[in-house]
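The structure is shown first, and the notes follow by topic.

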Amino acid sequence: MPTLSAVAKSDEPDGKSPSQSSTTRAAEDLVDAATGFDGRAWVTLRDLVLKPWEMIQRAAFDHDPTYVGAVKLSLAMSTFAIVLMSWLFPGDAQLDNLETSNPEAWIELNARLTEHGICFAHFVDRFSSRYELLNTAATLLECGVFALLFRWFDRSRPLLSHLSFALYCYSLWLLASIPLELLLAAASAADLGQTLSMAVGVVMLGLLPGLLIAGLWHLYPAPWSRQLARALILVVVIAVLFGLTLIVIMFLAMAWALASFGL
């Protein structure tokens, strides 16, 4: 005759006891609550890589519930990108650029930190965290500008659909940037020179506008002459936005980092 525990265990389809199964379910619920993801996450990332324009068409324009929402996906990918960047590049390239482009400001900054007994490495860490946070927020805001631009290109769809399109393109850019970030870190560690680093940097800068233009061609059909004009407008808007944003982010990150030390 089977024991009570054996009967209880047989009631579970996976052979686990009720307590084990309830613990497993509780853990799974906790993970889902913490991440906001379920099985759709892997499907979303897979299709975003393998068939991006079909996936974005279905998710942004057809509202297919198979995929994770654009806002949730872009925020998760941004968080991952920040963690990856802080791991790959402990120092900050922006401060290195400041040393090269404006030695007087660099010397003044070092003197100011030394005067107040602040370790420069601690300041770099503080500045880097502020810079990455501001850069992520600015990029998400830029996606709003892109949504308005694409709304101008195509008024048949609601603004939120264009915003979803821009955010999915941003997430795709972050995914495509991962191998480039790894290559850049490897080149820096192996001291392969500035040429490779500059080449990777140029590719990364051109990747987001390239993806947006590719999405424009695939998902916003129009005669080729009109598409060419749209692409030109998009490139100009991106160039102006990126240039202004870099200046503003650098200023705000520096002010925020200094203020955090009471300076």
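**Helix packing and cores**

In this predicted model, the axes of H8 and H11 come within 8 Å of each other and cross at roughly 155°. Because angles over 145 degrees count as roughly antiparallel, H8 is roughly antiparallel to H11.

**H8 against H11**

- The crossing of H8 past H11 is right-handed.
- Sorted by class, the H8 contact with H11 holds 27 nonpolar, three polar and five charged residues.

**Nonpolar cores**

- The largest nonpolar core has 43 residues, and those touching the most other members are Ile56, Phe146, Phe150, Phe165, Tyr168 and Leu212.
- At least two residues of this core come from each of helix H3 (40–50), H4, helix H5 (70–88), helix H8 (120–153), helix H9 (159–189), helix H10 (194–219) and helix H11 (224–260).
- H9 contributes the most to this core, with 12 residues.
- Another core, of 14 residues, lies apart from this one and includes Tyr131, Met250, Ala253 and Leu258.
- Leaving aside residues up to four places away in sequence, Leu212 touches Phe146, Phe150, Phe165, Cys169, Leu234 and Ile238.

**Ala60**

- Ala60 sits in helix H4 (residues 52–61).
- Ala60 has a relative accessible area of 1%, so this residue is buried, the cut-off being under 20%.
- Leaving aside residues up to four places away in sequence, Ala60 touches Ser161, Ser164, Phe165 and Tyr168.
- Ala60 and Phe165 are 105 residues apart along the chain, yet their C-alpha atoms are separated by 5.6 Å.

How values were computed. Residues are numbered from 1 along each chain as its sequence is written. This is a predicted model: local features need pLDDT of at least 70, side-chain atom pairs count only at pLDDT 80 or more; totals for chains, interfaces and linings use all residues. Side-chain values use heavy atoms; hydrogens and water are left out. Helices (H or I, at least four residues) and strands (E, at least two) are DSSP runs, numbered from the N terminus. Buried means under 20% relative accessible area, exposed over 50%, partly exposed in between (1.4 Å probe, protein chains only). Contact means heavy atoms within 4.5 Å. A nonpolar core is a set of buried Ala, Val, Leu, Ile, Met, Phe, Trp, Tyr and Cys residues joined through side-chain atoms within 4.5 Å. Axes are lines fitted to C-alpha atoms, for helices over the stretch in contact, and angles run from 0 to 180 degrees between N-to-C directions. Angles under 35 degrees count as roughly parallel, over 145 as roughly antiparallel, 65 to 115 as roughly perpendicular and the rest as oblique. A crossing is left-handed if the near helix is turned anticlockwise from the far one by less than a right angle, and right-handed if clockwise. Ala, Val, Leu, Ile, Met, Phe, Trp, Tyr, Cys and Pro count as nonpolar, Asp, Glu, Lys and Arg as charged, and the others, Gly among them, as polar.
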